[in-house]
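Here are a few notes to keep beside you as you look at this chain for the first time. Take them in order, with the structure open.

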Amino acid sequence: MANNVRPETMERISTPELARAFIAEQLDALRAQIGDKKVLLALSGGVDSSVVAALLIKAVGKQLTCVHVNHGLLRKGEPEQVIRVFRDEMDANLVYVDAVDRFLDKLAGVAEPEQKRKIIGAEFIRVFEEEARKLDGIEFLAQGTIYPDILESGPVKAHHNVGGLPEDLQFELVEPLKFLYKDEVRVVGHELGLPDNMVYRQPFPGPGLGVRCVGAITRDRLEAVRESDAILREEFAKNGLEGKVWQYFTIVPDFKSTGIKDGLRTYDWPVVIRAVNTRDAVTATVEDVPFALLQHITGRITSEVKGVNRVLFDLTPKPSGTIEWE
């Protein structure tokens with residue numbers, strides 16, 4: 001059997017009992033592979049890397065070093081949650097890197113979507129490499145590779161941006177989730193005691209809010225994306241749509257329109273709400289969000305988010321639109 005082929009006899013992990021059996025098996029395997037050596041993990045705060053971190057903390061404790069890079073493109077509260085869950089609650093050896101200025105300076109004036117993605121990916125590799133070189137005795141690199149990554153893009157999870165490390169930093173890989181599908185990873189994460197809003201986190205693009213701040217990223221427009229997204233997520237949770245809608249977020253495009261705020265004429269950005277359902281992300285339908293809720297969200301966004309005077313709702317399915325705007 002090839003090393004990267006899921007065993008045909010492997011049962012789908014769909015219950016707490018199966019998750020506990022998987023965890024016990026992986027703890028033994030991780031201890032056998034790593035021994036008394038040290039392992040490094042790029043911890044994004046997404047479900048895959050978070051579950052790997054939780055497994056490794058149980059398996060080898062302080063032999064694991066997690067590096068969390070804040071590139072300024074995360075959603076509101078996410079860096080703080082990573083620190084709280086892993087450093088404060090799980091007592092992980094966590095290195096937090098505030099690289100916000102570094103990333104945003106590199107992205108200044110860059111409007112082309114693919115170029116933005118390349119800059120974010122390349123800069124992440126540089127930051128991660130710098131942190132890796134500060135650590136002594138690292139022999140293993142843990143990754144949140146899951147089975148669809150292997151099927152779609154080979155054995156290295158490229159969107160974690162660690163596949164491009166220099167030759168002298170080619171650590172031995174540790175990939176405890178590489179035979180699992182995303183739904184199985186969530187069951188395991190729940191059984192490991194991770195918070196539900198981390199385990200059931202929506203799909204989030206590698207470049208983060210960088211692809212939802214359409215066009216050249218500016219700090220003020222990026223903050224408008226972050227704040228409006230937080231309002232949308234809060235209102236969907238309060239109104240029973242969290243978990244029902246597959247993915248929902250806001251976009252702030254790079255144009256302005258006239259409006260009125262506090263009796264004065266404004267020239268500000270629109271916020272676009274996107275809410276879609278899908279099974280495979282190949283096609284997607286638009287969620288029928290109650291109009292009264294959209295009005296309430298509009299009122300909050302236009303009154304609470306600086307630089308915004310309109311809220312729009314994207315009615316486009318996939319196709320002809322894509323789920324993300326960039």
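**Notes for a first look**

1. The peptide bond between Lys318 and Pro319 is cis, with an omega of about -15°. The bond from Pro319 on to Ser320 is cis as well, and its omega is near 20°. Ser320 also belongs to the segment after S10. Please give these bonds a second look, because most peptide bonds are trans.

2. Before going further, a word on confidence. This is a predicted model, with an average pLDDT of 93 over the chain and 96% of the residues at 70 or above. The stretch to treat with care is residues 154-161, where pLDDT stays under 50. For those residues the model has 21 contacts beyond four places in sequence. Where pLDDT is low, the predicted coordinates should not be read in detail.

3. What does the overall shape look like? The C-alpha atoms fill a box of roughly 70 × 40 × 35 Å along the principal axes. The radius of gyration is 21 Å, which agrees with the value near 20 Å that a compact globule of 326 residues would have. The chain holds ten helices and ten strands.

4. Now for how the chain packs. Buried residues account for 52% of the 326 residues. Among contacts with a separation of 6 or more, 75% are between residues 24 or more positions apart. The accessible surface is about 15,300 Å², and carbon and sulfur atoms contribute 51% of that area.

5. Finally, two backbone angles deserve a glance. Asp91, in the loop between helix H3 (78-89) and strand S3 (93-98), has a positive phi near 55°. Ala281 has a positive phi too, about 70°, and lies in the loop between strands S8 (264-277) and S9 (285-286). Is Ala281 buried, exposed or partly exposed? With a relative accessible area of 27%, Ala281 counts as partly exposed. Most residues other than glycine have a negative phi.

Key:
Residues are numbered from 1 along each chain as its sequence is written. This is a predicted model: local features need pLDDT of at least 70, side-chain atom pairs count only at pLDDT 80 or more; totals for chains, interfaces and linings use all residues. Side-chain values use heavy atoms; hydrogens and water are left out. pLDDT is the predictor's confidence in each residue, from 0 to 100. Contact means heavy atoms within 4.5 Å. Helices (H or I, at least four residues) and strands (E, at least two) are DSSP runs, numbered from the N terminus. The radius of gyration is taken over C-alpha atoms; the globule rule is 2.2 Å times the number of residues to the power 0.38. Buried means under 20% relative accessible area, exposed over 50%, partly exposed in between (1.4 Å probe, protein chains only). Accessible areas come from the Shrake-Rupley method with a 1.4 Å probe; for residues, only the protein chains shown count as cover.
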